[in-house]
Amino acid sequence: MSYDLVIIGGGPGGYNCAIRAGQLGLKTAIIESRGKLGGTCLNVGCIPSKALLHASEYFEAATKTFPGMGVKVSGVELDLPQMLKQKDDAVDGLTKGVEFLMKKNKVDYVKGFGRIAGKGRVEVTGPDGAKQTLETKNIVIATGSEPTPLPNIDIDEERIVSSTGALSLKQVPKKLIVVGAGVIGLELGSVWRRVGAEVTVVEFLDKITPTIDTEISTAFQKILKKQGVKFELGHKVTGIEKLHDGLQVSIEPAKGGAARTLDADVVLVAIGRRPFTKDLGLDTVGIKTDQRGFIPHNGHLKVADGIYVIGDVTTGPMLAHKAEEEGIAIAQVIAGQWGHVNYDVIPNVIYTYPEVATAGKTEEELKAAGVEYKVGKFQFMANSRARTNHETDGLVKVLEEVATKKVVGVHMVGAGVGEMIGEICVAMEFGASAEDIARTCHLLRCPEAVREAAKDGGSAVLEPRRSTGTISPLQGRVSR
Ligand code: FAD
Ligand code: NAI
């Protein structure tokens with residue numbers, strides 16, 4: 001069989017690339033080894049975790065928030081099997097939907113493990129062990145990532161789990177220890193805390209979510225602490241002993257010091273993810289991975305003649321929408337059109353309650369790069385609708401570069417901010433200044449808070465507009 005494009009890996013990078021390639025008339029095949037399309041994201045990542053986050057948030061609201069709102073409920077009980085089932089149903093429906101989209105866009109879905117077997121050749125070993133070779137003009141590597149293991153700790157996916165096991169615990173652990181205060185640890189830690197687990201997070205560094213703007217991550221940690229999450233920052237797990245009736249976790253200060261033990265029923269290891277390139281045949285085409293195992297590209301997703309790479313297996317944030325963006329861009333390029341990914345404007349949301357939402361550079365990154373910037377901030381405590389909703393935790397922070405007057409970073413923690421980051425990304429794509437955001441009429445709560453933060457830091461709200469325009473009181477419009 002001869003193709004224009006063969007994609008190895010059926011996650012959000014791969015399947016979105018396939019759909020776009022099919023739409024553009026490329027003869028395309030997608031190879032997936034897990035038996036279902038959708039990759040980590042649909043099967044054991046974004047979708048099941050969001051299903052549990054959503055359901056557990058309702059449970060916590062019913063038990064803790066309703067009474068204060070004057071809503072009396074009694075007999076609220078956790079039905080864990082049903083909570084897990086509705087998650088599995090969501091996954092099933094969506095993975096089948098992706099398979100349907102392959103058919104609709106005339107993409108061949110080849111079940112099996114793909115291995116590059118030289119330029120323009122991909123060998124597939126099917127579930128029954130049978131091999132076939134696909135000839136192709138182009139190959140896209142979209143093999144994604146897998147959990148990073150903790151040295152000397154065996155993941156059994158029952159008592160010592162990765163994110164995959166933590167999505168399907170058969171009962172609520174009394175004590176859950178999470179290793180790693182990153183996105184997975186805090187999202188899945190939140191799920192199990194809400195339904196009754198006592199959660200302790202052990203983090204190697206001195207801050208949680210280390211890549212997030214420090215002011216936001218500090219505020220976020222305070223909120224999580226208030227909710228009952230315990231933190232052991234600056235600590236590492238050195239061993240886990242499996243006892244008959246639980247686990248004993250040894251921890252030590254990262255900088256050295258006395259060891260201690262913590263009891264747990266379940267330990268979730270969430271210390272990051274690593275690129276997956278095992279048995280991919282990279283050597284047959286002379287491709288080398290970098291020190292951390294990622295497949296680097298030339299800045300345009302190209303790795304070698306006729307070979308491209310997208311998603312978690314290459315550099316950049318490990319996010320489903322980043323993988324999707326790259327998949328679509330490269331399909332366009334292969335079809336002879338333009339591709340576009342703006343790595344400066346990739347939104348990032350942590351779907352806890354409240355959410356954390358960010359885009360662009362952090363204050364620390366701007367400082368390190370020597371960029372002169374202005375900061376605008378707004379606390380939800382000062383927002384009328386946030387107060388009315390009893391959702392006053394959190395803040396919005398807008399960073400504007402002085403030289404260009406462009407917003408280069410927005411960082412938020414607060415109820416509903418995940419829905420707000422889209423507007424920010426549009427504004428940043430269009431090169432908006434803080435003033436542009438501040439002069440835009442906004443609705444209550446999150447939108448209003450963003451506007452207030454932009455006003456706080458925006459240079460020009462108190463000055464004439466940066467171009468020639470002024471607000472016309474009659475039309476209420478800005479003319480430039
Ligand atoms: P993957 O989704 O990993 O897909 C790669 C696929 O390739 C896999 O299905 C694998 O089986 C297959 N494969 C690998 N090698 C071969 C081979 N040789 N032959 C055939 N098939 C192969 N991101 C977000 O943006 N938002 C979220 O809310 C979010 N939540 C997450 C929650 C969890 C618990 C986890 C673990 C991740 C989450 N992510 C989230 C990250 C997101 O899942 C990844 O960034 C995304 O799935 C990467 O897409 P990808 O296509 O690059 O790779
Ligand atoms: P992460 O990189 O977000 O966090 C890992 C944390 O573990 C870091 O804080 C790190 O300092 C810490 N750590 C590393 N080694 C350690 C050790 N030995 N002991 C203690 N702490 C240690 O990784 P995580 O949470 O595993 O998530 C992986 C990726 O999945 C993320 O990079 C994210 O991009 C993606 N993801 C995205 C989500 C979203 O967009 N909402 C949700 C879940 C995952």
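Visitor: Which elements do the buried residues of α1 pack against?
Guide: Bearing in mind that this is a predicted model, the buried residues of α1 pack against the strands β1 (2-8), β2 (28-32) and β6 (131-141), and also against the helices α2 (39-44), α4 (80-104) and α8 (320-334).
Visitor: And how many of its twelve residues are buried?
Guide: Ten of the twelve are buried, so the helix is mostly covered, where buried means under 20% relative accessible area; among them are Pro12, Tyr15, Cys17 and Ile19.
Visitor: What span should α1 have, going by its residue count?
Guide: At 1.5 Å a residue, the twelve residues of α1 (12-23) should span 16 Å, and this agrees with the end C-alpha atoms, which are 16 Å apart. The helix is followed by Gly25, whose phi is positive, near 85 degrees.
Visitor: On to charges, then: how many salt bridges does the structure hold?
Guide: There are 26 salt bridges, and one of them joins the side chains of Lys50 and Glu187, at 2.7 Å from N to O. This pair links distant parts of the chain, since Lys50 is in helix α3 and Glu187 in helix α6 (residues 183-194), 137 residues apart.
Visitor: Is Glu187 buried or exposed?
Guide: Glu187 counts as buried because its relative accessibility is 5%, whereas Lys50, at 25%, counts as partly exposed.
Visitor: Which residue does Glu326 form a salt bridge with?
Guide: Its partner is Lys322, with the closest N and O atoms 3.1 Å apart; both residues lie in helix α8, four residues apart, which is about one turn of the helix. An α-helix has 3.6 residues a turn, so residues three or four places apart point the same way.
Visitor: What about Lys397 and Glu363?
Guide: Their side chains meet in a salt bridge at 2.6 Å, N to O. Lys397 lies in strand β22 (residues 395-401) and Glu363 in helix α9 (residues 363-368), so the pair ties together parts that are 34 residues apart in sequence. Both residues are buried, and they belong to a network of salt bridges that also includes Asp213, Glu215 and Lys377.

How values were computed:
Residues numbered from 1 in each chain as written. Chains lettered and ligands numbered in written order. Predicted model: local features only at pLDDT ≥ 70, side-chain atom pairs only at ≥ 80, totals over all residues. Heavy atoms only, no water. Helix = DSSP H or I, 4+ residues; strand = E, 2+ residues; numbered from the N terminus. Expected span 1.5 Å × (residues − 1). Buried < 20%, exposed > 50% of the residue type's maximum accessible area, 1.4 Å probe, protein only. Contact = heavy atoms within 4.5 Å. Salt bridge = Lys/Arg side-chain N within 4 Å of Asp/Glu carboxyl O.
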